[in-house]
Amino acid sequence: MQARHETTVVHFDADGCHGSSSSSGGSSPYSLDSDDGSTSTDEYCPDDPLEFRRHVSIFSPSVLAEVDPSSFRPISRSLSCVLADVDKHMQRMVLLLPAFSASGASAARRDALQKWLAGFNVGWVLDKDDNGSLPRREVRSPVNEAAVAELAALGWLAGESAGAMLRLAGSVVALGSSPSKLLAALDVHAHVSETYPGLARMFSWPPSHPVSVASDAVLAGLLDASRRCMRDLGTFIHAPQYPWRMPQGGEVHPCVGFWMGYFRGMLRNRVSLYFVLAGAHLDEERTTPLPPDEGSLVMELISCLEAVLEDKSGALAFPGLSQIFMLNNTSALVRRAVRSDLSMFLPSGWVLAREERMDGYLKGYLEASWAPVVARLAGKPGALTVLRRRNPLSPFYSAFENVCSMQRGWKVPSPALRSVLRSTVSESVVPAYRRYLDDHPEVEIPAGRSAEELEHQLLELFEG
């Protein structure tokens, strides 16, 4: 019957000095019995210098003259741990050298080698046969039997606890498809795949052990459940199941923060996500193919969210409000992407494409909101009715006030985007108004209607 290999472990006593002990499934052939490190091998380390000289008397006088017996002083706890250990083994080595010097005394040499290795608590290696195996040595004692019983109890407790926790994973698999189930399945898969193989190695559970079999089945179930949920993500993003109200001031829709945070949550368990996507081609349910990797998945989900925002913007009836809505939401989406780990999965031209898209929204906003206002400056005073001749700019002022009054309630949370919008509107309206005044000096300008005062009014837009 073969013995299991043992592991040498360094331990520290109360004074910080270290020694060695061994542990295995069975008992070590040479184990330390006391805390002070004294064993039967210390009989070759005499404390008396005269006793030391008696042991080394085999050496020539010239050798002995160079040896200071006091250098092999007794091991003291007050000495440095490392130096004390070196001194101890040097004493043992010198005392055992005569046995190796004796010619033809193979038994003495083997006995000395046994004691030398036993000083390091590895003397059992000499018991190996030619096949490299060790005979089992049963050292029965109440202490050893208690340790074996405690180890068995620990293994039973670990197995029962691990099996019980797998029921939680099974409950996650049994849930209906939802965004929260996907995150939960990825989280549980990450913990099970990291923890249970370690438990199997620690307690030497074979692949056929019930806990190992159950954990493999749970991991496969979690991956399958994750794939089903992932195929439904596009539907979840489009579905109006969340109690979100459409912002009436064009501000950022709550779904942007929710879903961008959700995408980041998926990437928190990238290893599990990799296995979900890598094994998708083996899934029998392939009506909706999954992206091949994390980057493609992120791009597909963000594009889906952008499409949802475009659809929602159509519900905003006021001219220019849908463009403000898309400006706000696209800006927020880009900001959340580039300032998070999602940026690692974005292609090089992704941000530039969104900036160009925002330029288009800005132009659409100017066309819808301010082009009709500026168009009121195109009429000639002579072609106007008698009532309008009194103040030919009254239609312009009326349209200007209506738009300003409405858009003061619109909200642009980003200070940078708000500043760009205000300056763009001012550059579109104020220069045209100045040109009209320059071309028609006969037109009387009412109080509070100078170009500077109109520009100041435009600085009040988008405060919400």
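Me: Let's start at a helix end. At the start of α11, which residue's side-chain oxygen reaches to the backbone nitrogen of G295?

Reply: That's D293: a side-chain oxygen there comes to within 3.2 Å of the backbone nitrogen of G295. Keep in mind that this is a predicted model.

Me: Okay. How many residues does helix α11 have, and how far does it reach?

Reply: Helix α11 covers residues 294–313, which is 20 residues. From its first C-alpha to its last it reaches 29 Å, close to the 28 Å expected at 1.5 Å a residue.

Me: Which residues of α11 are buried, and what do they pack against?

Reply: Among the buried ones are L297, V298, L301, I302, L305 and L309, along with E294 and E306. The buried residues of α11 pack against α7, α8, α9, α10, α12 and α13.

Me: Now R422. Is it buried or exposed?

Reply: A residue counts as buried under 20% relative accessible area. R422 has 13%, so it is buried. It sits in helix α17, residues 415–439.

Me: What does the side chain of R422 make a polar contact with?

Reply: The side chain of E463, at 2.5 Å. Setting aside neighbours within four places in sequence, R422 is in contact with L458, L459, E460, L461, F462 and E463.

Me: And on the surface, which residues form a nonpolar patch?

Reply: L151, L154, W156 and L157 do, with about 440 Å² of accessible area together. Take L154, which lies in helix α5 (residues 142–174). Partly exposed means between the buried limit of 20% and the exposed limit of 50%. L154 has a relative accessible area of 44%, so it is partly exposed.

Key:
Residues are numbered from 1 along each chain as its sequence is written. This is a predicted model: local features need pLDDT of at least 70, side-chain atom pairs count only at pLDDT 80 or more; totals for chains, interfaces and linings use all residues. Side-chain values use heavy atoms; hydrogens and water are left out. Patches are made of residues with over 30% relative accessible area and no salt bridge: like charges are joined within 9 Å, nonpolar side chains (Val, Leu, Ile, Met, Phe, Trp, Tyr) within 5 Å. Accessible areas come from the Shrake-Rupley method with a 1.4 Å probe; for residues, only the protein chains shown count as cover. A salt bridge is a side-chain nitrogen of Lys or Arg within 4 Å of a carboxyl oxygen of Asp or Glu. Helices (H or I, at least four residues) and strands (E, at least two) are DSSP runs, numbered from the N terminus. Buried means under 20% relative accessible area, exposed over 50%, partly exposed in between (1.4 Å probe, protein chains only). The expected span of a helix is 1.5 Å times one less than its number of residues. Contact means heavy atoms within 4.5 Å. A polar contact is a pair of N or O atoms within 3.5 Å; within protein, one must be able to donate a hydrogen and the other to accept it, and residues adjacent in sequence count only if both atoms are side-chain atoms.
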